[in-house]
Amino acid sequence: MFKRTLLACTLLAASQPGFAQDDLAAIRQEIARMKADYETRIAALEAKLKETEDRSVGGAVHTAASHDHDHSRGFNPDVSLILQGRYAQRDDLPERGLTGFLPAGHAHGSERGFSVDHSELVLSADIDPSFRGYANLALIDQSVEVEEAWFQTLGLGGGFSLKGGRFYSGLGYLNERHPHAWDFVDAPLMYQALFGERFAHDGVQLKWLAPTETFLQFGLEAGKGDAYPGANSNTSGIGAFSAFAKLGGDAGPSHSWRAGLAYLSANPKARAAHWADANGDEVSTAFTGDAKAWIADVVWKWAPQGNPKQRNLTLQAEYFQREESGQLACSGAGTLCAADPADQHRSKQSGWYAQGVYQFMPRWRAGLRYERLDSGTLDFGALPLDAPDYRPDKASLMLDWSPSEFSRIRLQFARDRSMQGISENQVTLQYIMSLGAHGAHTF
Amino acid sequence: MRKWWWLCLLVLPWPAQAALNVLACEPEWAALTRELAGDKADVASATSALQDPHRIEARPSLIARARRADLVVCSGAGLEIGWLPVLLRESANPRIQPGQPGHFLAADFVALLDRPQRVSRAEGDVHPEGNPHIQTDPRNIARVAEALARRLAQIDPAHAAYYAARQADFAKRWQAAQLRWAERAARLRGVRVVSQHNGFPYLYQWLGLVEVATLEPKPGLEPSAAHLASVAAALKATPARLIVRAAYQPARPSEWLAERSGLPVAVLPFTVGGSDRATDLFGLFDDTLDRLLAAAP
């Protein structure tokens, strides 16, 4: 009210003759300013009113619902459930594997016909100002597998962050990704040969991000080492160790890239596997020694003006080399290993995959992947074991459709020659549905 | 000599220890920070006007920038939900984590519109907190500017007076500009429009425009042929004067409808950098009005 009185007074004063032109202009400006000021306030009030109306229309249920979904303010963790299932056309093979590679003993999704893959339940939240927690549980019939369960520091400073618990190792490009984030139905042969599917530590990870303009990150991980290529690590020390470095950046507004180099060392004890003796009979083997692997990965992404919503292209490739050396024992009644012999074993193997995935229009992507492994040198010493020299390879073509960020349906054709003498045509139709919290757009 | 290989790292561009390091999520907040902090801040924007701010990935270059940031300035209200949390986590930078002074969300300082009645993904990419595209109303910019200036002073108290003075100067110029805009836009009041994405409720509220339809069937979902046809049919019953789309959005849906209905399309910059003239916040609104006025003569 005071302002209005003031306004009236100034107007009255202004109407008096002899008032300077400058003053008039100043007063006009003042009035205009006040008018704008009032308008702003009225608009704010209108907005508030509208908000209140909206609330009262929605009623108590609506308020509760919006509270539940308030990611940043609710105490409840972000929850998401990922549903995955498929129809797969496969040959009826008694046992699957990669010829020339000691099996990792992990066969995911090799079922024929209709099947429900494991469903992933993911919970995550900031625990307090210092820590964040994350759990990923795979629900399978009659069992729950803890895929990941870890805490991570939030405020260590200096670019350091520490993770502890069970976590997917940061080596390679694909290793940290869960199956629902893969671009193809299955993991590359290279990951199957190296880790079964992927490598998880039960241990700690320390990462350091350099304060540079170019992305430069180093990581060290130490863990128990029970997971393949480790096994039965009964030690108070470190059973598996890995280290990685990653470098990345942009090349103009439309291109971005990342390249990495990683090393893994594990000490398996009596790691069990099936193999064939020189006659082709199945024997059991146990390996104790050192397993080392190097992985190089590179990813290049393109999107017009950096806007991937309409069209985008991702090219990625990874290469590995693995060396194992130690003591190998074999056994099997009625085979050449009946006397349970043991001898020095050495192997040096390698492999790679390269893939491109192109989103040619919103919702639709097509991808092509080619991969090849080299069984390399397999030295079994004096053991009567088969040492095949073979290069498994596989070509996959996929097409997927994602009506939104939360659902995806994929069709994949693959010609798989991972086993010597078998050339299999695979057809898979897969769905991936994600309920709940918004997924993360990782690079 | 081999063991000195790591010296190569020194060749990488290390940052100059200069002013406050600010990472803005969107160009409008980068522009506002520049207005308020002048040469006391080194400001970068994570996205450009030609990128859909919902759909960005936490690229390595962005993580590297977040690592060095003293302050992140973002829209909030869930706009960056897909990538900002990843960016903050990967940055390993305690200064910019939620709850810290270095974490500034513009939506916390304005009244949000379009709070959804029903929070369900069946409604598309809805934001439970309300519509996050607050930068299209200059009155919101003014409110955020006040809060941001205070935040800059809190983070960098040595230059508190400098930020306050720049804020006062900006507020004065902004006020004057708002008067100019309000006068020019008076005849837009009540004009009925069709939008491609529900990205402009704040602009419409400010100018009194009336949205009669959107080309996206649900927020964030691509316009389908069937939905476009239904919009075209509905426009016969409730006609509109123009179609509005943001610069970062694909041209096809709005052009299809323009061809069908004969309505003009106003391609609005949406944020700083969205058009040749939208080089700063003042240019953004000058150009937005020009384009609306040109499309609705």
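In chain A, 60% of the contacts with a separation of 6 or more join residues 24 or more positions apart; two residues are in contact if their C-beta atoms, placed from the backbone, lie within 7 Å. This is a predicted model, in which local features need pLDDT of at least 70, side-chain atom pairs count only at pLDDT 80 or more, and totals for chains, interfaces and linings use all residues. Residues are numbered from 1 along each chain as its sequence is written, while chains are lettered from A and ligands numbered from 1 in the order in which they are written.

**Chain A overall**
- Chain A has three helices and 18 strands (DSSP runs numbered from the N terminus: helices are H or I with at least four residues, strands E with at least two).
- Of the 443 residues in chain A, 30% are buried (20 or more other C-beta atoms within 10 Å of a residue's own, all placed from the backbone).

**Two helices that meet in chain B**
- The axes (lines fitted to C-alpha atoms over the stretch in contact) of α2(B), residues 60-68, and α3(B), residues 84-91, come within 8 Å and cross at roughly 60°.
- Leu62(B), Ile63(B), Ala66(B) and Arg67(B) of α2(B) make the contact with Leu87(B), Leu88(B), Glu90(B) and Ser91(B) of α3(B).

**A helix of 18 residues**
- Helix α4(B), residues 138-155, has 18 residues.
- Among the buried residues of α4(B) are Val144(B), Leu148(B) and Leu152(B).

How values were computed. Axes are lines fitted to C-alpha atoms, for helices over the stretch in contact, and angles run from 0 to 180 degrees between N-to-C directions. The expected span of a helix is 1.5 Å times one less than its number of residues. A residue is buried if 20 or more other C-beta atoms lie within 10 Å of its own, exposed if 12 or fewer, and partly exposed in between; C-beta atoms are placed from the backbone.
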